Amino acid sequence: MTESPRASGLWDSYKLTTVEVHIGGKVLTEGQMQDLWNCDFYMITASNPFSRLLSEADNNARNEELHALLKEEFEEILDGVGKNLAGTWAEKGWVVRGGDEGRLILLAKKFEQNAIFKFTLTGREIIDCR
């Protein structure tokens, strides 16, 4: 098993990640999405399992597989991108609302993700999925 994201310093990077949501040809911030939806929502990806870099084609295939599973349970799924503040790192994924948080954690584990993001009316949480 690889070093935990908390021990490796990845957790600090996650705290500084911004999330963009693509909806109706527009790009919205996580705050704008909160204003629009006014409920809890999540960001999940299948890219770069346990922070191992994969090719764009491999990450896209993994994210499409994740999308198919999400469609079975979540009422709304939008394209999302998590980015670092410097703009040197971006990872595609999905922003979802509705459904079961526990199921999202299981999907994150299936796709070997360290964490998912949860957005609430009071802020953001990083949920450890290891």
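Me: Leaving aside its neighbours within four places in sequence, which residues is serine 47 in contact with?
Reply: The model is predicted, and in it serine 47 sits in the loop between S3 and H4. Once neighbours up to four places away in sequence are set aside, the residues in contact with serine 47 are Asn59, Asn63, Glu91, Lys92 and Gln113.

Me: With which side chain does the side chain of serine 47 make a polar contact, and at what distance?
Reply: Serine 47 and asparagine 63 stand 16 residues apart in sequence, and their C-alpha atoms are 6.6 Å apart in space. Between their side chains there is a polar contact, so the partner and distance, given that such a contact requires a pair of N or O atoms within 3.5 Å, are asparagine 63 and 2.9 Å.

Me: Is serine 47 buried or exposed?
Reply: The relative accessible area of serine 47 is 4%. Because the cut-off for this class is under 20%, serine 47 counts as buried.

Me: Which residues does asparagine 48 touch, not counting those up to four places away in sequence?
Reply: Asparagine 48 is also placed in the loop between S3 and H4, and with a relative accessibility of 8% it counts as buried. When residues up to four places away in sequence are not counted, asparagine 48 touches Leu53, Leu54, Asn59, Trp89, Glu91 and Gln113.

Me: Which element gives the most residues to the lining of the second largest pocket?
Reply: The second largest pocket holds about 170 Å³ of space, and its lining includes Ser47, Asn48, Asn59, Asn63 and Glu91. Two elements give two or more residues to this lining, namely helix H4 (56-71) and strand S5 (90-97). The one that gives the most, with 4 residues, is H4.

Me: What is the value of phi for serine 51?
Reply: Serine 51 is located in the loop between S3 and H4 and counts as partly exposed, at 37% relative accessibility. Apart from neighbours within four places in sequence, serine 51 is in contact with Leu10, Tyr14 and Asn114. Its phi is positive, in a residue other than glycine, and lies near 65°.

Me: What is the value of phi for glutamate 112?
Reply: Glutamate 112 belongs to the loop between H5 and S6, and its relative accessibility of 28% makes it partly exposed. Although glutamate 112 is not a glycine, its phi is positive, at about 55°.

Me: Which element gives the most residues to the largest nonpolar core?
Reply: The largest nonpolar core has 18 residues, and those with the most contacts inside it are Ile44, Leu66, Leu70, Val96, Leu104 and Ile116. At least two residues of this core come from each of S3, H4, S5 and helix H5 (101-110). The element that gives the most, with 4 residues, is H5.

Me: Which residues is valine 96 in contact with, leaving aside its neighbours within four places in sequence?
Reply: Valine 96 is one of the residues with the most contacts inside the largest nonpolar core. Beyond four places in sequence, the residues in contact with valine 96 are Trp37, Phe41, Tyr42, Leu70, Phe74, Glu76, Ile77 and Leu104.

Me: How many residues make up the second, separate core?
Reply: This second core is separate, and its members include Tyr14, Trp37, Phe117 and Phe119. The number of residues in it is 14.

Me: Is threonine 120 buried or exposed?
Reply: Threonine 120 is part of strand S6, and apart from neighbours within four places in sequence it is in contact with Gln34, Asp40 and Glu125. Its relative accessible area is 12%, so threonine 120 is buried.

How values were computed:
Residues numbered from 1 in each chain as written. Predicted model: local features only at pLDDT ≥ 70, side-chain atom pairs only at ≥ 80, totals over all residues. Heavy atoms only, no water. 1 Å grid on protein atoms, 1.4 Å probe; cavity = no way out; pocket = protein on both sides within 12 Å on 5 of 7 lines; lining within 4 Å. Points joined across faces, edges and corners; volume = space filled by probe spheres on them. Core = buried A, V, L, I, M, F, W, Y, C linked by side-chain atoms within 4.5 Å. Buried < 20%, exposed > 50% of the residue type's maximum accessible area, 1.4 Å probe, protein only. Contact = heavy atoms within 4.5 Å. Polar contact = N/O pair within 3.5 Å; in protein donor to acceptor, adjacent residues only side chain to side chain.
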